[in-house]
Amino acid sequence: MKQGKPLITFVILALAAAMTVYLTVYIFRSLDEPYKTTQVYAYTANDSVPAEGLVVREALVLPAPSGILEITRAEGEKVGKGQQIALVYRDSQAQASQAQIEEMEMDIELLEEAIGQSGDLESAARLDEDILQAVVDLRSSYALGDYTQLREQVMNVKSGVLKRGYTYGEGLTSADLSARLRQLQEELAVLTRQSAQATTQVTAPKPGVFSNLVDGYESVLTPATVLQLTPSSLQNLIDNPVGEDASSMGKLITSDTWYFAANLPNEAADRLTEGESATLRFSGELNRDVAMTVEQMGPTEGEHTLVVFSSNRYLTSTTILRSQTAELIFESWSGLRIPKEALRLVEETLVDEETGQTTYSRKLGVYALVNGRAEFHQLTIVTEGSDYYVVRSLGTGQHMLRAGDTIITEATGLQDGLLLKK
């Protein structure tokens, strides 16, 4: 027992030394950093729940024909009945001939327009403007991820450049252009006759929106069957994807309405009303908030209720969506986000000079750091999270708190107008 006393004494002294070092460092840092700041930023808080489910559409699967297939429609492109969807070539030579035919047809169209051009500077400027606009349209569609008119937009750029070359860039006379036009027309007629038997058009049997993706759900999940699902059968479809159909060339989405079937916690489903509107936030390809109708509520199994939502908007943007986890938003609050430690309650004492009456007031707000001084900005709380408030400024002009402002989160002795030392 006596031998253990020196060891205990040593441990106590070591702990005391460690605490002394820690307190010294803490006090030094407090003196070295008299205040701490952070930036305010715009924020939207949502009362929401995740909704896992499947997107459902009425679709007609198109079988793939034998031969070399070339799809001529973009994903999400609208197609009328009888309009071309694809070309089928007997062999690679037929495919090359079709590409040559399309190029000749464009050249003929451009030559016809070039012959009709006046050739003056005004026409040249107009062509330059058309080329620039075609490039802008193509770039905008690419930035938005909208490829429904990609083929047409690429052709517009190409035709504009070629047209200017024919008209102004090669020094050709009107007679030269006419001779070239006749030659192309004769070559096109010969080539068209030769390739007629080797190329077949695939046309749309009914109007719809074209999609390349056939994931196998088309036959088992339709607008009719989705209303007969249960939470367990929906979850089984989510957990066990059917698999892509390799024997098809694509599909036509033939209805204007699409559906989203999701399993929701019972308490979330209880906040919805059949026939009313609900907001769902989708990510991925759709990437937007969609106002949908609560099409059907139920059935319920255990802690989950199946809810079917419907919409007739953004159909062309949902063609490749199937399994989704959307955010069902019940309510949103927008404002400025600040950490909870930055909010302060300031008491003011006001004395009426005429009556001598004293009044007291309390104001909620934050101290902003402006030109090295603390400035008080009054706020009202919109909502709160675990470690933050969403607030709205009550001030005006220079005393209005804005996104990007710097506010003080930690400091002592703060008051309005106080000069802060670094």
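A nonpolar core is a set of buried Ala, Val, Leu, Ile, Met, Phe, Trp, Tyr and Cys residues joined through side-chain atoms within 4.5 Å. Buried denotes under 20% relative accessible area, exposed over 50%, and partly exposed the range in between, with a 1.4 Å probe and protein chains only. The largest such core here has 23 residues.

The model is predicted: local features need pLDDT of at least 70, side-chain atom pairs count only at pLDDT 80 or more, and totals for chains, interfaces and linings use all residues. Residues are numbered from 1 along each chain as its sequence is written, and side-chain values use heavy atoms, with hydrogens and water left out.

**Nonpolar cores**

- Within the largest core, W258, F260, F282 and F309 have the most contacts.
- The elements that give two or more residues to this core are β2 (41–56), β10 (258–265), β11 (277–282), β12 (288–301), β13 (304–311) and β14 (323–339); strands (E, at least two residues) and helices (H or I, at least four) are DSSP runs numbered from the N terminus.
- The most is given by β10, with 4 residues.
- Apart from this core lies another, of 13 residues, including L234, I238, L306 and V308.
- In soluble globular proteins, nonpolar side chains tend to be buried together.

- Contact means heavy atoms within 4.5 Å.
- With neighbours within four places in sequence left aside, F309 is in contact with W258, Y259, F260, L264, L272, A278, L280, M292, T293, V294, E295 and L328.
- T383 belongs to strand β17 and is buried, at 17% relative accessible area.
- Under the same exclusion of neighbours within four places in sequence, T383 is in contact with A45, W333, Y389 and V390.

**An open sheet**

- Four strands form an open sheet in the order β3-β9-β8-β5, with antiparallel pairing; two strands pair if DSSP finds at least two bridges between them.
- Because β3 (59–63) and β5 (78–79) stand at the edges with a single partner strand each, one side of each is left without a neighbour in the sheet.
- The antiparallel pairing of β5 with strand β8 (residues 208–211) runs over 2 bridges, and K78 has V209 in β8 as its bridge partner.
- Strands of a sheet pair through backbone hydrogen bonds, either parallel or antiparallel.

**Salt bridges**

- A salt bridge is a side-chain nitrogen of Lys or Arg within 4 Å of a carboxyl oxygen of Asp or Glu, and by this rule the count comes to 10.
- K340 and E384 meet through their side chains in a salt bridge of 2.7 Å, N to O.
- This pair links distant parts of the chain, 44 residues apart: K340 lies in the loop between β14 and β15 (344–351), and E384 in strand β17 (residues 373–384).
- K340 is partly exposed at 27% relative accessibility, and E384 is likewise partly exposed, at 49%.
- In the salt bridge of E347 with R362, the closest N and O atoms are 3.2 Å apart.
- E347 in strand β15 and R362 in strand β16 (residues 358–370) also link distant parts of the chain, being 15 residues apart, and both residues are exposed.
- Salt bridges that share partners join D215, E218, K251 and R322 into one network.
- D91 and R90 form a salt bridge through their side chains (3.9 Å, N to O); D91 is partly exposed at 31% relative accessible area, whereas R90 is exposed at 58%.
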